[in-house]
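Here are some notes for a first look. Please keep the structure open while reading.

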Amino acid sequence: MSDPKVIFRGTGVTRRFGRGKNLVEAVKNVDFTLTEGQITTVVGESGSGKSTLARMVLRLLPVSEGTLEFNGTDVTTITGSARADYWKDVQAVFQDPFSAFNQFFTVRRLLSRSFRLLGERAAAEARMEEALNHVGLFGADVLDRFPHQLSGGQRQRVMIARALMMQPKLLIADEATSMLDASLRVNILNVLTDLRDTLGMTILFITHDIGQANYIADQVLVMEHGEMVEQGPADKVIFDPQHEYTRRLLSDVPRLNQSA
Amino acid sequence: MRSIHLTPRFWVAASLVIFTLLVGLLGPLIIHVDPHATIGGLYDKPSGRSIGMWLGTDNAGQSVISNLVNGVRTSLFIGLVAGAISTVIGLVFGLVAGFQGGILDDILMGVTNIGLAIPSIVVVILLADALNGSTSFTLAMVIGITGWPWTARAVRAQATSIRNREHIDVARLSGARWVSILLWDVLPYLLSYVVMAFVLQMSGAILAEAAISMLGLGASGSVSLGIMLYWSLAWGSVRTGAWWAFLPPTLMLTLIAFSLLLLQSSLDEVFNPRLRRGRSRRRLAAVAAGTQAAVPTAAIVEPVLEGDRS
């Protein structure tokens, strides 16, 4: 293993909504780094600002204060074609595998939208099939289907395939497993670890479930009310939590082998 | 089409609309009488003598039935043109304002609110008067240009709710252009709504044309239901009891407006399954109870319907 390299760095990242009396600070002065080839999880309860953080990293939402750096370049305020180029390297999978689909598009139509950023058509077609194979699907089976003709797990895998077509360096999975049932959840988590192991992809995995974080993460960030209260390697955060909030999250995990 | 479920109400509305369309399109071909030709005297009574006399003559001795079918044609034409113009303008304003948000939204909605605040009938009358020697087409343009703000408001509200859906983020991440997202990711979700708005605009435009023409500001030299009403009022048909001069255009206007409004509300049921199920089941139950027997069973059925509602 070569030296771990920092692929993404956020410094003093802050996001405010509203103004005056209704001012809400969803993310407060957060510092974090993502290491190349690792899975980093952000854990926190609903409303802790983790999805807002993800949308800022994706540049779908402007940052109120602070800077975002990707591979050493400042991406805090990029727009237009620079941002489109950024999206070739940074992609996302979202929470809801139903509403993330345009219900009027077939899978083929959905995926072929990325062709514009990918350039040459034949190569892009090949990438589409390759990306689907990566998540255990075959083009012939799913490409001409509408989203309502696919199962929840298939839909989420198509969404991951869409992100993979760009061959991103960083993949953001925002609660990507929380709307799937338990058996499919492990399946998707395994797809993600597989991407890290075979493609060396960096993954930012966002979840409210510290159990999933434990299963998948190399590094854990804990957020509470918009603040980053604890961060560090997964083993350390989960087995030797320093912050009260992390301990509470851990104690809320249901245990099967323990009565009440 | 597999998910579209047509209700009885839709079929009633559709047959009424088709009937008015047939009157407007085929009527003038069947009633082969020039609406401007004098075929009788002042308010001749309806008679079966000739096809043109079926509904008698008006104040100028012209055939009422010929004026009626040609007037329906004019009304439908004006409704389609004006409805299309105001729907397109309202759609563009509403889509852009609702999807883009921010300062563009503020500007576009500012313009829309000004448009809403000005009473459009006054603008239409002034414009219709200013355009001397106006034709049906210019009248339709004027009605269309003043009628869009409500559509813009409604479409904007819908577009705002779609802007925050995840599939828009997914489209942006895939590198889709702004126009492409607007046309393929936002518009299809509103299409059912736009169809209903168009039907409403059409019915509004037909009534607006009738109102303007009845005030004597209609298109000169053309035939329309409003103009028929204007002349019948001016020549005292109501006072003299010449019902055939004012009743047919009134009934025809009511029928057109009613059938379009019924179509709009039945489309609501077709597009919105949640609205459809509860209602149609209850209605079907009521119809079944009504046909089976008379009063006694209806009294028994009542509590069941109440329970269904809760």
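1. At what angle do the axes of helix α2 and helix α3 of chain B cross? In this predicted model, the axes of α2 (residues 64-100) and α3 (residues 102-117) of chain B cross at roughly 145 degrees. They come within 7 Å. The crossing of α2(B) and α3(B) is left-handed.

2. Next, the residues behind that contact. From α2(B) come Phe93(B), Val96(B), Ala97(B) and Gln100(B). From α3(B) come Gly102(B), Leu104(B), Asp105(B), Leu108(B), Met109(B) and Thr112(B). By class, six are nonpolar, three polar and one charged.

3. On the record for chain B: an unreviewed UniProt entry lists residues 12-31, 76-99, 111-131, 181-200, 212-231 and 243-263 as "transmembrane region". In the model, residues 12-31 of chain B are 95% helix and 0% strand, with end C-alpha atoms 26 Å apart. Residues 76-99 of chain B are 100% helix and 0% strand, and their end C-alpha atoms are 33 Å apart.

4. Now chain A. Six strands form an open sheet in the order β6-β7-β8-β3-β9-β10, with mixed pairing. β6 (90-93) and β10 (227-233) of chain A each have a single partner strand, so one side of each lacks a neighbour in the sheet. The twist averages 15 degrees from one strand to the next.

5. Within that sheet, β3 (residues 39-43) and β8 (residues 202-207) of chain A run parallel, joined by five bridges. Val43(A) stands opposite Thr207(A) of β8(A).

6. What packs on the sheet of chain A? Helix α1 (residues 50-57) of chain A does, touching β3, β7 (170-174), β8 and β9 (219-224) of chain A. The direction of α1 makes about 150 degrees with that of β8(A).

How values were computed
Residues numbered from 1 in each chain as written. Chains lettered and ligands numbered in written order. Predicted model: local features only at pLDDT ≥ 70, side-chain atom pairs only at ≥ 80, totals over all residues. Axes fitted to C-alpha atoms, helices over the stretch in contact; angles between N-to-C directions. Helix = DSSP H or I, 4+ residues; strand = E, 2+ residues; numbered from the N terminus. Left-handed = near helix turned anticlockwise from the far one by under 90°. Contact = placed C-beta atoms within 7 Å. Nonpolar A, V, L, I, M, F, W, Y, C, P; charged D, E, K, R; others polar. UniProt positions renumbered as here; feature names shortened; annotations may be inferred. Pairing = 2+ DSSP bridges.
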